[in-house]
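Trainee: I would like to learn how to read a few features of a model like this one. Could you walk me through them?

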Amino acid sequence: MTAVVFISIFVLLAIIAMLAAQFVPKVDDSRWGVTSYPRRYVRIGAAAFLVIALAILLSNSIFNTTARTVGVVTEFGKSTGTVNPGLNFLPPWAEVTEFPTSNQALDLDGTDGSKGSAQMKFDGGGVGYVNINVNWRVESNDKATDLWSQWKEFDKVQDRVVKPRVQAVVSTVVGSFTPEEAVKSQNYAKISADIKTELSEQLGKQGIVVADVQLKRIAVD
């Protein structure tokens, strides 16, 4: 919106200068005859204002959307569509919020130094921790627009949609096993498959695709 204000100001100055040029008196120069240099200078100033306005318009109308992302276009706080990766020309009052369509890694195994492990209760009693990685992505342009409408920022999709759902599903699936069954590595493949199936069903309704689930470790507290 700031760009629109500046464009309007410079266009207005250009119009004022063009009108003012009509009232600038001519100058009688004996060397060149009757001339109108002052009027010409005012017109040059008007043209300069228009050039500045055009430069601001172009610089604020060209958007470069990075590869493997969906650009959600918003005007005055409302979504008006999407743009594909590459250079896009839009009105200067438009804004573009990028939603990646590439795989996103949710780390719940603590390798990033945080307490990322999902905590849960086993069947029959006992508490444990699950170290797991989940790769996910936004399904399509339309779904990206829907997610933007709800959350406005891409990071919130992982923090408030994907992560809580993963923790809940992991707790439910792993919690259906006894501690003795859960910690057996030969059961990891089935547990991972069950988690992926349940996540795909729940997150798929919101336009999120679960690409991969990697169960690293299940430990009993």
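Trainee: Let's start with T74: is T74 buried or exposed?

Mentor: Keep in mind that this is a predicted model. Buried is the word for residues under 20% relative accessible area. T74 has a relative accessible area of 6%, so T74 is buried.

Trainee: Which residues is T74 in contact with, leaving aside its neighbours within four places in sequence?

Mentor: The contacts of T74 are S79, T80, W93, A94, E95 and W148. T74 itself lies in strand β4.

Trainee: How should I read the sheet around that strand?

Mentor: Here is the general idea: strands of a sheet pair through backbone hydrogen bonds, either parallel or antiparallel. In this model, the order β5-β4-β7 makes an open sheet of three strands, with antiparallel pairing. β5 (78–83) and β7 (94–100) each have a single partner strand and stand at the edges, so one side of each lacks a neighbour in the sheet. From one strand to the next, the twist averages 30 degrees.

Trainee: How many bridges join β4 to β5?

Mentor: Five bridges join β4 (residues 69–75) to β5. For a place to look, find G71, which stands opposite V83 in β5.

Trainee: What lies across β4, β5 and β7?

Mentor: That is helix α3 (residues 141–151), running at about 50 degrees to β4.

Trainee: And where can I see a nonpolar surface patch?

Mentor: Look at V5, F6, I9, L12, L13 and I16, which make a nonpolar patch of about 520 Å². I16 lies in helix α1 (residues 2–21). With a relative accessible area of 47%, I16 is partly exposed, whereas T74 is buried.

Methods
Residues numbered from 1 in each chain as written. Predicted model: local features only at pLDDT ≥ 70, side-chain atom pairs only at ≥ 80, totals over all residues. Heavy atoms only, no water. Pairing = 2+ DSSP bridges. Helix = DSSP H or I, 4+ residues; strand = E, 2+ residues; numbered from the N terminus. Axes fitted to C-alpha atoms, helices over the stretch in contact; angles between N-to-C directions. Contact = heavy atoms within 4.5 Å. Buried < 20%, exposed > 50% of the residue type's maximum accessible area, 1.4 Å probe, protein only. Patch = residues over 30% accessible without salt bridge, like charges linked within 9 Å, V, L, I, M, F, W, Y side chains within 5 Å. Areas by Shrake-Rupley, 256 points an atom, 1.4 Å probe, with all protein chains shown as cover. Salt bridge = Lys/Arg side-chain N within 4 Å of Asp/Glu carboxyl O.
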